[in-house]
Amino acid sequence: MTSRSITGWRAARLGDFLRARRGRLRPHDVGLEPGGRRKVTGLRREELALLAGLSTDYYQRMEQGREVRPSDDVLDALAGALGLDDEERRHLFALAHAARRPMPARVSRDAERVPDSTRRLLRVMDTPAVVLGRHLDLLDWNPMAEALLGDPTGYPPDRLNMLLLMFDDTFTGERSCPDWERQALDYIGMMRAAVATDPTHPRATAIVGELSIRSAEFRRLWARHDVRESVSGTKTFRVPEVGDIVLDWDTYPLPGNPGPVMLVFTAEPGSADADRLRLLAALRA
């Protein structure tokens, strides 16, 4: 891909993100009257341009990815008009800054490795933890994670990826969990952030390309253009041996730019969930 085509590709991604964020706003969200019949579910382009203090033509060229290179002041106005949170605002600036550059910034594509000190830390932790690469590849895990999630060693290395596993048809039954879509959106948001950093990385291209072809659910969620840098949340695990276990999960960045993250699951001390987690570990020992 030439530098010109990469710049155009990034400008198009900026336009896609703006269009998706505009589509989620409703007139009443920004103090506008809905008026008569509307052809769009979200704000019209001219409405958003007015809120941001831009001409409609200029904003339309941005959405269409027509090589417009907005200033930081324009980006700041757009972020305010769109009601972006801090992560979304950083993502908007990252996309726009990337589109301005005639050549892409150099990003390391060296094989990701887990430091020996991190591997030792995993082994002494008494709670489930895994290490995920920048594209959500499962790089390492501890025995508690294996007890909770199952033994992943039987999978081919290129299939050990959290997005590929979440959208694997063999696990369709697990999607009855009420928080499945929320966690899928978290992982997709993390992948979005990685793609913005290095849009032509072959691993990202392979994962997103495969899922876009075979999963209508993935296409629907990917089209939302949600972005996450690091996430936390709560997940319910349905484990036949001990029953449901509700765990909090958080991500912790590891050295590197971008680098892997450690995802750690914890239970409230003294809770029934902590007791079930210990029982599960004992049964799987």
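This short talk walks through one predicted protein model, from its overall make-up to a few individual residues.

Hello everyone, and thanks for coming. A word on ground rules before we start. The model is predicted, so local features need pLDDT of at least 70 and side-chain atom pairs count only at pLDDT 80 or more, while totals for chains, interfaces and linings use all residues. Residues are numbered from 1 along each chain as its sequence is written, and side-chain values use heavy atoms, with hydrogens and water left out.

Let's begin with the whole chain. You can find 12 helices and 5 strands in it. Those are DSSP runs numbered from the N terminus: helices are H or I with at least four residues, strands are E with at least two. The chain has 285 residues, and 46% of them count as buried. By buried I mean under 20% relative accessible area; exposed is over 50%, and partly exposed is in between, with a 1.4 Å probe and protein chains only. Take contacts between residues at least 6 apart in sequence: 58% of them join residues at least 24 apart. A contact here means heavy atoms within 4.5 Å.

Now to the inside. In soluble globular proteins, nonpolar side chains tend to be buried together. In this model, the largest nonpolar core has 42 residues. Such a core is a set of buried Ala, Val, Leu, Ile, Met, Phe, Trp, Tyr and Cys residues joined through side-chain atoms within 4.5 Å. Which residues have the most contacts inside this core? They are Leu132, Leu148, Leu163, Phe167, Tyr187, Met191 and Phe218. Helix 9, residues 180–197, gives the most to this core, with 8 residues. There is also a second, separate core of 24 residues, which includes Leu54, Val68, Leu78 and Ala79.

Leaving aside its neighbours within four places in sequence, Met191 is in contact with His135, Leu163, Ala204, Ile207, Val208 and Trp222.

Next, please turn to helix 5, residues 86–100. It has 15 residues and reaches 21 Å from first C-alpha to last, close to the 21 Å expected at 1.5 Å a residue; that expectation is 1.5 Å times one less than the number of residues. Asp85 caps its N-terminal end, with a side-chain oxygen 3.2 Å from the backbone nitrogen of Glu87. Several residues of helix 5 are buried, among them Glu87, Glu88, His91 and Phe93.

The cut-off is a side-chain nitrogen of Lys or Arg within 4 Å of a carboxyl oxygen of Asp or Glu. Arg24 forms one with Glu88, the closest N and O atoms being 2.9 Å apart. Why does this pair tie together parts that are 64 residues apart in sequence? Because Arg24 lies in helix 1, residues 3–24, and Glu88 lies in helix 5. Arg24 is partly exposed, with a relative accessible area of 36%, whereas Glu88 is buried at 6%.

Arg224 and Asp226 form another salt bridge, with the closest N and O atoms 3.1 Å apart. Arg224 counts as partly exposed at 37% relative accessibility, while Asp226 is buried at 7%. Through shared partners, salt bridges join Arg21, Arg24, Glu88, Arg224 and Asp226 into one network.

A further pair is Arg119 and Asp140, whose side chains meet in a salt bridge at 2.9 Å, N to O. This pair links distant parts of the chain: Arg119 in helix 6, residues 116–124, and Asp140 in strand 2, residues 138–141, which are 21 residues apart. Is Asp140 buried or exposed? Asp140 is buried, with a relative accessible area of 5%.

While we are at helix 6, look at Thr118, which is found there. Thr118 counts as buried at 8% relative accessibility, and touches Val131, Leu254 and Met262, not counting residues up to four places away in sequence. Met125, in the loop between helix 6 and strand 1, touches Met262 too, along with Asn142, Met144 and Val264, under that same exclusion of up to four places.

Last stop: two backbone details. Leu136, in the loop between strand 1 and strand 2, has a phi near 70°, a positive value in a residue other than glycine. Leu136 is buried, at 1% relative accessible area. His225 also has a positive phi, near 60°, and sits in the loop between helix 11 and strand 3.

Key: Polar contact = N/O pair within 3.5 Å; in protein donor to acceptor, adjacent residues only side chain to side chain.
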